[in-house]
Amino acid sequence: MKLSRYEQEAVINLNADEDEATVYTANPEWTYVLPKNLIRIGKPRTLSEAQLRHLQELKNKKEAF
């Protein structure tokens, strides 16, 4: 069965009694088992103006090379 790219979702299975998480996808090459401590779920961080300027400076330096 051919799935559209939209339908090719990933599912992360976290079980409270196990130390590992399983990542299932529509692509059989992308099924992983990994330690749960590598999975992080949370809201995105908010950067200050100074942090944004610093990141932009780093990006500009990298592009100069």
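How many residues does the hairpin that joins S2 to S3 pass through? The legends below, drawn from a predicted model, answer this along the way.

**View 1. The predicted chain as a whole.** The chain holds one helix and three strands, arranged β-β-β-α from the N terminus on. Its C-alpha trace spans about 45 × 35 × 20 Å along the principal axes. The radius of gyration is 18 Å, whereas a compact globule of 65 residues would have a value near 11 Å. Buried residues account for 6% of the 65 residues. Of the contacts between residues at least 6 apart in sequence, 7% join residues at least 24 apart. The chain exposes about 6,600 Å², of which carbon and sulfur atoms supply 53%.

**View 2. Pairing of strands S1 and S2.** Strand S1 (residues 10-14) is joined to strand S2 (residues 20-25) by five bridges, and the two run antiparallel. A hairpin of five residues links S1 to S2. Within this pair, leucine 14 stands opposite alanine 21 of S2.

**View 3. Pairing of strands S2 and S3.** Four bridges join S2 to strand S3 (residues 32-35), again in an antiparallel arrangement. The hairpin from S2 to S3 passes through six residues. Alanine 21 stands opposite leucine 34 in S3.

View 4. Leucine 14 belongs to strand S1. This residue counts as partly exposed because its relative accessibility is 41%, between the limits of 20% for buried and 50% for exposed. Together with Ile12 and Ile41, Leu14 forms a nonpolar patch on the surface, and the three residues have about 310 Å² of accessible area together.

Notes:
Residues numbered from 1 in each chain as written. Predicted model: local features only at pLDDT ≥ 70, side-chain atom pairs only at ≥ 80, totals over all residues. Heavy atoms only, no water. Patch = residues over 30% accessible without salt bridge, like charges linked within 9 Å, V, L, I, M, F, W, Y side chains within 5 Å. Areas by Shrake-Rupley, 256 points an atom, 1.4 Å probe, with all protein chains shown as cover. Salt bridge = Lys/Arg side-chain N within 4 Å of Asp/Glu carboxyl O. Buried < 20%, exposed > 50% of the residue type's maximum accessible area, 1.4 Å probe, protein only. Pairing = 2+ DSSP bridges. Rg over C-alpha atoms; globule rule 2.2 N^0.38 Å. Contact = heavy atoms within 4.5 Å.
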